[in-house]
Amino acid sequence: MNGQWTCPHCNSQNCRHHKTYQTGHNGTRLLWRCQSCNRLFSETKATLIERLRKPTSFIIQVLKTRTEGIGLNAACRAFAIAKNTLLLWERRLADCKDVLVIYALTHTFIEQLIEGDELYTKVNRNVPPEDCEGWTIVLMERASRFIWALQCGKKDRSLFSYAIQILRDVILRTGDVTLVTDGERRYGNLLFEICHEVLRTGKRGRPPKVLRRGVKVRLKNKGKGTDRTGHSRPKYETPHPEHPETDQDVTPADIHANHLEASNASFRRKNSAYRRRTNTYAKSISGLQRTLDMLWIVHNFIRSHFTTKQVPAVALGILQQGLSWDEVLRVRQPRL
């Protein structure tokens, strides 16, 4: 994935080792020469650690503490670094998410059961929850604990649309996808809008719309529903019609988001923006998303999950073994 043999200038694979040079803090590095454009480039060219003078081991140590729940200012005080320096490192690490998402979506999956849930924190100032931008949508594959979506913003249609667009890309690479949620109907409604097909049965009249073949949506309604007027909703519900050839193998015991809710509690411990006892937990929506992108990378590709004993990307079949911090920092960014 690091593309050490690819020229960052012309994307040619015809590169040869030119020489080895000594750095001030990171030991020796390799210098390559592209045979197509005849340009020299270092092995760290277009990576996250390009032109960083601090030792790579020190950068990894600081970033690891941030993903374990230490706040930004506390990390700067503990490691005696400037705030802008740490923000630069975090932004570069967060930028790696797009590359890893594309890499994950190049694989084909047989079956996935995805849980959907939301987290909440305050951003910038203390406002009512319906006006706050600190809502975070999480979509997690149950068996592997791989997180497909981890996006924050105001709890409106645009935020749910972002998560469902990712889910649509997952559906295109998976033969059988089941989405289960706890009471939130917008997941299924938006998924039905962008991922339906017309079922032509040969009968007269307008053909009905159903979810794509292999796609299932199940909803668990919480509470007794005594605060609503009209008919009460069933506890377990199929909100939209499904393709008649879709296997109906989801039992009521499988319709829950318990695994994701347990992971949400873990996220609150590992992200200081979700657990600080102040009126404003995060200063800005961009800063909150930056920490979520870092957490997404570490959770999916680096850290072994305590229940499966595997890195989620390995458990899902995306990688054969988890990535190290050094490998993530050497991931090549796409050439503009």
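Q: How many of the 336 residues of the protein chain count as buried?
A: A residue is buried at under 20% relative accessible area, with a 1.4 Å probe and protein chains only. In this chain of 336 residues, 50% count as buried. The model is predicted, so local features need pLDDT of at least 70 and side-chain atom pairs pLDDT 80 or more, while totals for chains, interfaces and linings use all residues. Residues are numbered from 1 along each chain as its sequence is written, and side-chain values use heavy atoms, without hydrogens and water.

Q: How many helices and strands does the protein chain have?
A: Helices (H or I, at least four residues) and strands (E, at least two) are DSSP runs, numbered from the N terminus. The protein chain has nine helices and 11 strands.

Q: At what angle do helix α2 and helix α3 pack?
A: Axes are lines fitted to C-alpha atoms, for helices over the stretch in contact, and angles between N-to-C directions run from 0 to 180 degrees. Helix α2 (residues 72-79) packs against helix α3 (residues 83-104) at about 115°, and their axes lie 9 Å apart. Angles of 65 to 115 degrees count as roughly perpendicular, and α2 and α3 are therefore roughly perpendicular to each other.

Q: Which residues in α2 and α3 meet?
A: Contact means heavy atoms within 4.5 Å. From α2, L72, N73, A75 and C76 meet K83, L86, L87 and E90 of α3.

Q: Which domains does the assignment give for the protein chain?
A: Domain bounds come from an automatic or database domain assignment. Here they are domain 1 (1-45), domain 2 (65-107 + 284-335) and domain 3 (108-279). Taken over C-alpha atoms, the centres of domain 1 and domain 3 are 44 Å apart.

Conventions
Angles under 35 degrees count as roughly parallel, over 145 as roughly antiparallel, 65 to 115 as roughly perpendicular and the rest as oblique.
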